[in-house]
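Hi,

Here is the structure I promised to pass on.

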Amino acid sequence: YDSFQFRLLPCYDGIPSYPDSHTYTGPDGVKERVTHVPYEQGPQQERIEATVGKGEITSLNWYNALEIVSTDSENVNLLPFEKIMDIFRAQIFRSIFLGTSDEDPSLWADEPPMTEEWTVHSIRFSYMRVKKADSPDYWLLPVWDFEDCMTINAVDGSVIDPLQGY
C-alpha cells in the first residue's frame, strides 16, 4: 500500500488508556433479534491518529484531548485478579445473554435451548475514561477489560457499561 494509518493512545504512570472502540461480540443473530439495544460506541477516549503516505505524514489528528484537572484518590487498593475473575464469571451470562432489564422477553420466547462456548482471547488492565453519572465530567479509572464483552472497575468490582460510561 502507498499509505497506512496508526493510532497512539496515552499511558498514565505506565498504564495504557482503555482502547476507544467497542464491538459487539455476542452470538450470531442476537443483534438482529434484539434491534432496540444500542450498539454504538461509548465515551470516546483520547487518541492521536496519523496517516502516512509515501513516507510522509499526510494527516495528524488529536481526538478527545483529555486534561486531568484533579486526583480524587491516590494509591487506591485494587481488587485481586481472582476476585475480578469471580465477578466476570458471575456476570457474563447475564450481561451478554439476558440483556438489559428493559428488554422484551418475548423476543426469546420461541428460541430453542442453546449451548454457547466462549473463549476470551485478551484481558487488558488499563485506564478507562468513565462518565460521571448526571455530570458532563469524567473519571479516569483503572479497569479490567475482557475483550470488549465486559469491563470491570478494578477498584470496586462494578461492571461498567461503556455505552452509559459508568
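First, a definition: two strands count as paired if DSSP finds at least two bridges between them, and strands (E, at least two residues) and helices (H or I, at least four) are DSSP runs numbered from the N terminus. Bear in mind that this is a predicted model, with local features needing pLDDT of at least 70 and side-chain atom pairs counting only at pLDDT 80 or more, while totals for chains, interfaces and linings use all residues. Residues are numbered from 1 along each chain as its sequence is written, and side-chain values use heavy atoms, leaving out hydrogens and water.

On that basis, β1 and β4 (residues 47-53) pair antiparallel over six bridges, with Arg7 having Glu49 in β4 as its bridge partner. They belong to an open, antiparallel sheet of three strands, in the order β1-β4-β5. Its edge strands, β1 (3-8) and β5 (56-63), each pair on one side only.

The other sheet I'd point you to is also open and antiparallel, with four strands ordered β6-β7-β8-β9. β6 (123-131) and β9 (159-160) sit at its edges with a single partner strand each, so one side of each has no neighbour in the sheet. Two bridges join β8 (residues 150-153) to β9, and Thr151 stands opposite Ile160 in β9.

As for contacts (heavy atoms within 4.5 Å), Phe146 touches Ile84, Met85, Phe88, Val120, Ser122, Ile123 and Ile152, leaving aside residues up to four places away in sequence.

Cheers
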